[in-house]
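Please keep the viewer open and follow the stops below one at a time, selecting the residues as they are named.

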Amino acid sequence: MKRSPKRRLILAGTLGLLVAGGALAVTSTANAATTLGASAAEKGRYFGTAVAAYKLSDATYSGILNREFNSVTPENEMKWDATEPTQGQFSFTSADQIVARAKANGAKVRGHALAWHSQQPSWAQNLSGTALRNAMVNHVTQVATHYKGQIDSWDVVNEAFADGGTGARRDSNLQRTGNDWIEVAFRTARAADPAAKLCYNDYNTDGQNAKSNAVFAMVQDFKSRGVPIDCVGFQSHFNSASPVPSDYQANLQRFANLGVDVQITELDIEGSGTTQANSFGTVTRACLAVTRCNGITVWGIRDSDSWRASGTPLLFDGSGNKKAAYTAVLDALNSGTSTPPPTTTAPPPPTTTTPPPSGSGCTSTISLNQWNGGFVATVKVTAGASRLNGWTVNVTLPSGAAVTNSWNASASGTSFSNVSYNGSVNAGASTEFGFQGTGTGPSVSTCTAR
Ligand code: G3I
């Protein structure tokens with residue numbers, strides 16, 4: 001519509017009055033997202049809650065769940081004791097209910113937890129050695145396969161490090177099967193559901209300390225050896241004796257810098273009023289400030305739903321009313337700087353750098369985990385119409401970049417060839433190798449069959 005100069009003047013004058021009277025501020029608040037999930041989504045993140053299947057029939061509970069949250073974590077229903085109460089007999093009814101509800105609401109699902117020293121069925125508690133290792137592998141395979149394609153992120157291994165200053169692994173029947181049990185669980189989960197992000201999840205790792213340093217070293221080691229790990233979960237159970245650490249954001253960031261996503265997985269903060277609200281605001285802002293922080297999950301909806309209800313640690317009171325802590329989180333989400341969605345939330349299609357195989361030959365595709373100053377490249381080698389008896393992939397590194405180490409390949413500069421166990425690749429099948437480096441990672445590669 002074309003306006004006359006006079007009309008434009010009147011409009012401008014009215015606008016000036018509205019600004020002076022604060023009416024514009026009201027307008028912009030009215031336009032801000034009004035639920036946790038919608039606001040987090042505007043920032044490329046999710047806002048989730050732990051859910052108990054038996055509470056889904058509670059109208060207040062379900063009403064808040066459907067309105068506010070776009071991610072859910074089954075609080076107990078996917079644990080080993082719930083999903084495999086008798087060895088080899090799986091029971092998914094309660095967890096399926098939660099997943100179906102999430103799907104109907106367009107919410108993501110965080111799977112929790114595949115391998116854990118706690119909440120094991122008694123038959124598993126009584127196993128050890130190879131029998132337990134095999135049972136664990138079967139459990140991870142069966143559960144991850146049952147939910148294949150439906151889980152955004154899996155807590156593959158939960159709470160495997162000891163508290164205190166040692167940085168040691170927690171003693172458990174799983175740990176006693178051998179130190180490699182964690183990487184075996186991750187490799188098994190990847191094989192069962194390649195699309196799910198695979199997380200290590202723990203508590204008391206929220207600031208830099210001996211325990212988080214030990215987890216950090218494990219993640220660094222996994223990345224360097226190509227053990228599939230995509231994310232680290234920080235449970236974030238806080239109270240006055242264990243408040244939000246001052247280096248909370250810095251700790252999230254140092255993990256993100258290793259090339260993994262970070263997630264706040266079980267947030268609750270005991271307390272009330274402004275003090276509690278401020279702590280919730282701090283945690284929310286920390287996640288928004290770390291690009292690879294995918295989202296926040298609170299460990300329950302109402303205070304009365306909490307595993308430590310007497311500490312009133314959640315965002316809604318026992319009647320389902322929003323608390324000051326709720327408003328602090330929503331305000332932090334709404335005023336936070338908008339950052340692009342973390343890359344792994346919607347992974348970019350891998351760069352195909354060689355033409356599709358015509359008959360024989362091979363192709364190579366590079367997936368990059370890039371951070372400021374370094375990268376991890378995972379390269380998929382796919383055989384054409386004929387079986388490969390060996391392969392070499394040459395990559396072109398941007399200037400200033402360098403390869404520091406590699407796995408599942410024999411490296412010579414920027415040329416990578418198969419090792420003894422992965423040279424033979426059936427027609428149409430694939431194998432993977434990886435390498436780590438400094439600077440900007442490569443996007444161009446060529447594959448040559450031998
Ligand atoms: O379902 C039974 C019920 O039939 C029985 O009558 C009742 C008697 O105790 O127990 C009920 O099961 C309880 C279950 O929660 C469901 O309410 C278990 O005893 C109880 O141990 C279990 O607690 C859960 C706890 O993990 C177990 O370790 C909490 O709900 C759950 O919030 C909590 O979650 C953990 C995360 O998985 C890992 N991180 C820490 C977090 C808090 O502890």
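Begin by selecting tryptophan 80, which is buried in this predicted model, its relative accessible area being 2%. If you now colour the helices, you will see that the pair links distant parts of the chain, since tryptophan 80 belongs to helix α5 (residues 80–83) and tryptophan 123 to helix α7 (residues 122–125), 43 residues apart.

Next, select phenylalanine 90 and phenylalanine 92, whose ring centres are 6.0 Å apart; their planes meet at 15 degrees, and because planes under 30 degrees apart count as stacked, this pair is a stacked one. Phenylalanine 90 is partly exposed, with a relative accessible area of 26%, whereas phenylalanine 92, at 12%, counts as buried.

The last two stops concern charges and rings. Select tyrosine 203 together with lysine 211, and you will find the lysine lying over the face of the tyrosine, 3.6 Å from the ring centre. Then move to phenylalanine 216 and arginine 254, where the charged end of the arginine sits over the phenylalanine ring at 4.7 Å from its centre.

Terms used: Residues numbered from 1 in each chain as written. Predicted model: local features only at pLDDT ≥ 70, side-chain atom pairs only at ≥ 80, totals over all residues. Heavy atoms only, no water. Helix = DSSP H or I, 4+ residues; strand = E, 2+ residues; numbered from the N terminus. Buried < 20%, exposed > 50% of the residue type's maximum accessible area, 1.4 Å probe, protein only. Phe/Tyr/Trp six-rings, centres within 6.5 Å; stacked < 30°, edge-to-face > 60°. Lys NZ or Arg CZ within 6 Å of the ring centre and 35° of its normal.
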